[in-house]
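Subject: Model handover and notes

Dear colleague,

I am passing on the structure we spoke about, with my notes below it.

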Amino acid sequence: MPLVPVKELLQKAQEGNYAVGAFNVNNMEIVQAILAAAEAEKAPVIMQASQGAIKYAGIEYIYALANLAANQATVPVALHLDHGTSFEQCMKCIRVGFTSVMIDGSKYPLEENIALTNKVLEVARATGVSVEAELGKIGGTEDDIHVDERDAFFTDPEEARYFAEKTGVDALAISIGTAHGQYKGIPKLDFPRLEKIVSLVNIPIVLHGSSGVPDEAIQEAIRLGVRKVNIDTNIREAFTNACRQVVMDNPKEIDPRKVLAPAREAATQVIRQKIRVFGSSGKA
Ligand SMILES: [Zn+2]
């Protein structure tokens, strides 16, 4: 089936009280891994590309790969821009055929974030594309976006209510203690804050930096109202570690297929496990 908007998937997740996995794509093998995992689990799935992934692979390649995957799939697949930092970047993705964009104005003061988000929403609404926004800074590193860990701050529930009122976005990324990249210790999520935000904001909540968060904590966040969970680092680890293992075991190996096939398989297994944790298995 054709690529679907993220909004559609998150509305169903809201009704069913589960979360949809949003997995970062960088190349063909990862696209194939996400699709294989979603098919095996009969789960709706979001493929998302960061600006870094778009720079690496090319926007047309990313779109073509995800679009082909969606057309071959029996499960619903969405294509989302992860952490778009400008109106122009969002427009490029909408023009190419992405079905969802994130406009991350979290580094701006509240009113500027609202204005930027509404500017993207105006175009997105006219084209049926979903929009995710971010309020509060999420720690760690995502491609070329760095948030100093000391600078990272949690989402204020009252601000979230105001932001939701002024924008009407389809999904809202919040900061409650997760971070991008690999964790040094075990992250501790601020569940009371999440509960408060969900009670004030009638918009599906997105959890970024979810790789390395214990399964039970993710499930508690979903129970409280998280509807989209982003996973990137866990896929990178599985994929690259599998490549490394093949090369170490067979130093003379020169066939890329021999290196990449086990990596694709390792990524598929990680994604399947996440889908089960998110409760979206069997929901397609
Ligand atoms: Zn993120």
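At what angle do helix 8 (residues 191-200) and helix 9 (residues 215-224) pack, and how far apart are their axes? Before the answer, two remarks on provenance. This is a predicted model, in which local features need pLDDT of at least 70 and side-chain atom pairs count only at pLDDT 80 or more, while totals for chains, interfaces and linings use all residues. Residues are numbered from 1 along each chain as its sequence is written, and side-chain values use heavy atoms, with hydrogens and water left out.

Helix packing

Helix 8 and helix 9 pack at an angle of about 25°, and their axes are 9 Å apart; the axes are lines fitted to C-alpha atoms, for helices over the stretch in contact, and the angles run from 0 to 180 degrees between N-to-C directions. That angle makes helix 8 roughly parallel to helix 9, given that angles under 35 degrees count as roughly parallel, over 145 as roughly antiparallel, 65 to 115 as roughly perpendicular and the rest as oblique. Helices here are DSSP runs (H or I, at least four residues), as are strands (E, at least two), and they are numbered from the N terminus. Helix 8 passes helix 9 in a right-handed crossing, where right-handed means that the near helix is turned clockwise from the far one by less than a right angle, and left-handed that it is turned anticlockwise.

On the helix 8 side, Phe191, Leu194, Glu195 and Val198 meet Ala217, Glu220, Ala221 and Leu224 of helix 9, contact being defined as heavy atoms within 4.5 Å. The residues of this contact divide into six nonpolar, no polar and two charged, with Ala, Val, Leu, Ile, Met, Phe, Trp, Tyr, Cys and Pro counted as nonpolar, Asp, Glu, Lys and Arg as charged, and the others, Gly among them, as polar.

A second pair is formed by helix 6 (residues 110-127) and helix 7 (residues 157-167), whose axes come within 10 Å and cross at roughly 30°, again in a right-handed crossing. Leu110, Glu111, Asn113, Ile114, Thr117, Asn118 and Leu121 in helix 6 meet Glu159, Tyr162, Phe163, Lys166 and Thr167 in helix 7, and the residues of that contact divide into five nonpolar, four polar and three charged.

Annotated sites

UniProt, in an unreviewed entry, places the feature "binding site" at His83, His180 and His208; its positions are given in the numbering used here, feature names are shortened, and annotations may be inferred rather than shown by experiment. These three are spread over 126 residues of sequence but cluster in space, with a largest C-alpha distance of 11.7 Å. Histidine 83 has its place in strand 3 (residues 77-84) and counts as buried at 4% relative accessibility, where buried means under 20% relative accessible area, exposed over 50% and partly exposed in between (1.4 Å probe, protein chains only).

The same feature name is given by UniProt (unreviewed entry) to Asp104 and Glu134, as a "binding site". They span 31 residues in sequence, yet no two of their C-alpha atoms are more than 5.3 Å apart, so they gather at one spot. Aspartate 104, in the loop between strand 4 (100-103) and helix 6, is buried with a relative accessible area of 7%. Leaving aside neighbours within four places in sequence, aspartate 104 is in contact with His83, Gly84, Thr85 and Glu134.

UniProt also lists Gly181, Gly209, Ser210, Ser211, Asn230, Ile231, Asp232 and Thr233 for "binding site" (unreviewed entry); although spread over 53 residues of sequence, they cluster in space, the largest C-alpha distance being 11.5 Å. Glycine 209 lies in the loop between strand 10 (205-207) and helix 9 and is buried, with a relative accessible area of 10%. Serine 211, in the loop between strand 10 and helix 9, counts as buried at 5% relative accessibility. Not counting residues up to four places away in sequence, glycine 209 touches Thr178, Ala179, His180, Tyr183 and Asn230.

Backbone

Most residues other than glycine have a negative phi. Asparagine 17, in the loop between helix 1 (6-16) and strand 1 (20-24), has a positive phi near 60° and counts as partly exposed at 43% relative accessibility.

With best regards
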